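This report describes one chain of a structure and its contact with a partner. Please look at the sequence and the model before reading on.

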Amino acid sequence: MSSTSRFAFRVNGRDVEVTARPGTPLLTVLRNELGLMGTRFGCGLGMCGACFVRLDGAVVPSCDTPVEAAAGHAVGTVEGLARDGRPHPVQQAILDRQAAQCGFCLSGITVAAAALLEQTPAPDAATVAEALDRNLCRCGAQRRIIDAVVAAGEAAR
Amino acid sequence: MTARSPAAVSDTGPRVDGAPARNPALPKDLAANPRLDRWVSVHDDGTVEVRVGKVEFGQGILTALAQVAAEELDLPLDRVRMPGASTATGPDEGLTAGSMSIIEAAPAVRLVCAQVRALFAAEASRRWRTDLATIEVAGGEFRGPAGASATYAELAGSVDLAVDADPATPVKDPAGYRLVGTSAARLDLPGKVAGLPRFIADLRLPGQLFGRVVRPPSPGAQLTAVDASAVGEGVRVVRDGSFLGVIGPDEAEVGAAADALRRVARWAETDTLPDEDDLAGHLRRAPAEATTVVDDGPAPRATGPILGARYTRPYLAHASIAPSCGVARWELDGTLSVWSSSQGIHRLRDAIAQALGLGADAVVVQHVENAGCYGHNGADDAAFDAVLLARAVPGRPVQARWSRADELGWAPFGSAMAVEVTAQLDGAGRIASWRYDVWSQGHTARPGYAGVPGLLAGASLEQPRPAPPASDPPQAAGGGTSRNAVPLYDVGNRCVRGHRVLDNAVRSSALRALGAHMNVFSIESFLDELAWAAGADPLEFRLRHLDDERARAVLTTAATAAGWGGALDDGLGRGIGLARYKGRGAYCAVVAEVEAVHDIRVRRLTVAVDVGRIVNPEGVRMQIEGGAVQATSWTTKERVRFDRRRITSDDWESYPILRFTEVPEIDVRLVDRPDLPSVGAGEAAQGPTAGAIANAVAAAVGVRVRDLPLTTEAVTAVINR
């Protein structure tokens, strides 16, 4: 086993420093070193979106991103979506529309949807579906989620 | 040994042996757990804890049952607490499965809470020396004469809940309901949306270690050699026969060690799997147990044409977004604590105890949520993995989490199925006779089935506990292979037979709706084939054979809402499907609109459903939407892949499921029947959705595709045949 190193980066606007072996997935560091459990492990292959976080704004799978790739950069997780204790508009719209079943896929979806709204403030349903196409949901809540993201965009207009 | 005979467990119910005489007047789950204090505790903060044996996996059952509890207690919904089920503290309500939760648990919760409210009201009347009739209850507060008032918490010290349920307790008249029947928001969603730790992989117990199992490369593979020095010092290797795993404090290091072991482990493998391109042949050739579901005797002569067709379905995976995960700790006194997202924690407890030769009382299983659960997935197996790994470190909890490949390759599958059906029409275009045979592996291999523990790792141990072929729930509980094999139409003289194939080379168990997905797909496809032969409109043809008013109502509701009969552009097709789940559950009709221009795309589903009295309308809609979308995925995309040795569909590229851009628009219409008992909604839509899509594809392209999944490639192949 390789030895550990120190990595410094920003998470949700806060500077953090962690000790980890190079190659450790960012996901594992977020969950086990920083206690940010909202980012979920779904496949470990970057194929399902459950672990999506922002890395300098880009939506990336944290299971497939080694911790050293985050060093010196800004990471945003689901825990950073709320503002002043109020849920992000996407989160609120999901609650308003009960747009979830098991909710396991939600963290990655809300992170991706929030990123979409920054680029495209009022997307239509097809644009939302396209933006979330890397996120898998097995319970079949997709249509409600799409409607919720569209509503969040409209509400912000 | 504490093994319980398979005869002692019903499809979903609690175990029945060893229990005192039941009060038959009580709801079933309450008869099995009659003491009120098993179900309810009143806390000092004014909340009332309601413990149920049913478990949450995203279907919203705890919210629905909290509504029922709050209704009878006259308590605000936010003051009802619904903890996860536990074998130590809560009632045994058997499995959370088969769309039975609302049927089984709601009557028990209703009666328990009505009696608790009555006991508290009686205490208030005693305390205030006033007639019981003068006590009013609202918002969790008891009010008497002269401004006297007290909360549940204030009265709790004087009320003894260590009493048995009384079946004579009056419950509320549904006409006065204020909570039941409303779309109460899901209690669990705010935490999930915020990303709070609440899934089993988020559990962090003091001193907890991480564990990974190195699964064999193929079913039946035997571990011949492994060099344990391949792992680092911070990790410990656990081996028992062909069961191989690692544990340690650092999750990333444990994962790397499992990968290293996987590279150096040597296995003896054999070809055990059937030909994935001839599943029907495999199923029909294998030894099977035949069951006659219905036989009306020799068919009378008819004058119309005789039609026949064969349909098939491949193996389907649960494909949950979270891999299975379990946590276990061996206590220093030799007892065992287990955390699991199992659908049946009491059965898991018994199976673990049986596998290890422990008394059932030595094992406690606590339910913790995982991602959506659609049947018997790997949850129980992962719990047993954790138990086996944790045996090496008494006193320390070990979390065993599966990989994506484990999840898609080792969790039980919904069985492949094959159907052959023939029918004859009479001169008037009515079905005169119907012959139907369905072949399938069994649909339940849950812990404790067939008298064995039935836990995956059991087959790998030094002293192996091999798994016999999956069984089926009894016909009285809806059956498995032959679930929904009997059409709800009047098809004249019938003979319907199920053939449970006695083979488990590909491990099968319960996947949502069991055989109903395939049987309804086949029946509804064939109804359309008969309608075409009779020159009839598929909707009219169905109504011609349908007396049941509730079935007619959902069928016409869905058809009207979907604009049945209206013109469609070229390349589009509309199809209809109908079923009553298990022949006695929810009625559901689906109209699918499919586009077959470049690809097969399901554009729109219109669904009408009748679940009797609706406890939570949004909850029902969500279950129907989810069931219909998942069935769209099964029906148009999914197929477990394998060669003769290994399961090869072990990631999201080799086992694709429906994506956001592929999900149809969906319109759900609820047909409320406030005077009829509530039934479950979770498995109502799968069969009708499959039938509707198949019929819409046939309407769009003009040829019939009888083998699932209805991929673009499969449909194109039939067109070019």
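Chain B has 16 helices and 24 strands; helices (H or I, at least four residues) and strands (E, at least two) are DSSP runs, numbered from the N terminus. This is a predicted model, in which local features need pLDDT of at least 70 and side-chain atom pairs count only at pLDDT 80 or more, while totals for chains, interfaces and linings use all residues. Residues are numbered from 1 along each chain as its sequence is written, and chains are lettered from A and ligands numbered from 1 in the order in which they are written.

The C-alpha trace of chain B spans about 80 × 75 × 45 Å along its principal axes. Of the 721 residues in chain B, 57% are buried, meaning that 20 or more other C-beta atoms, placed from the backbone, lie within 10 Å of the residue's own.

The largest nonpolar core has 275 residues. Such a core is a set of buried Ala, Val, Leu, Ile, Met, Phe, Trp, Tyr and Cys residues joined through C-beta atoms within 7 Å. B:Leu65, B:Val607, B:Val609 and B:Val697 touch the most other members. Helix α3 (residues 101–127) of chain B gives the largest share of this core, 13 residues.

B:Glu683 lies in the loop between β24 (665–670) and α15 of chain B. B:Glu683 counts as buried because it has 29 C-beta neighbours inside 10 Å. Its C-alpha atom is separated by 8.7 Å from that of B:Ala516, 167 residues apart along the chain.

The table lists contacts of two residues, leaving aside neighbours within four places in sequence. Two residues are in contact if their C-beta atoms, placed from the backbone, lie within 7 Å.

| Residue | In contact with |
|---|---|
| B:Val697 | B:Gly573, B:Val594, B:Ala596, B:Ile600, B:Val705, B:Leu710, B:Val715 |
| B:Glu683 | B:Ser99, B:Arg512, B:Ala513, B:Ala516, B:Tyr581, B:Gly627 |

The contact between the chains takes 47 residues from chain A and 47 residues from chain B. On the side of chain A that touches chain B, the elements that give two or more residues are α1 (26–33), α3 (89–96), α4 (106–119), α5 (125–131) and α6 (142–156) of chain A. That side has 26 nonpolar, 14 polar and seven charged residues. Here Ala, Val, Leu, Ile, Met, Phe, Trp, Tyr, Cys and Pro count as nonpolar, Asp, Glu, Lys and Arg as charged, and the others, Gly among them, as polar.

Note on methods: A residue is buried if 20 or more other C-beta atoms lie within 10 Å of its own, exposed if 12 or fewer, and partly exposed in between; C-beta atoms are placed from the backbone.
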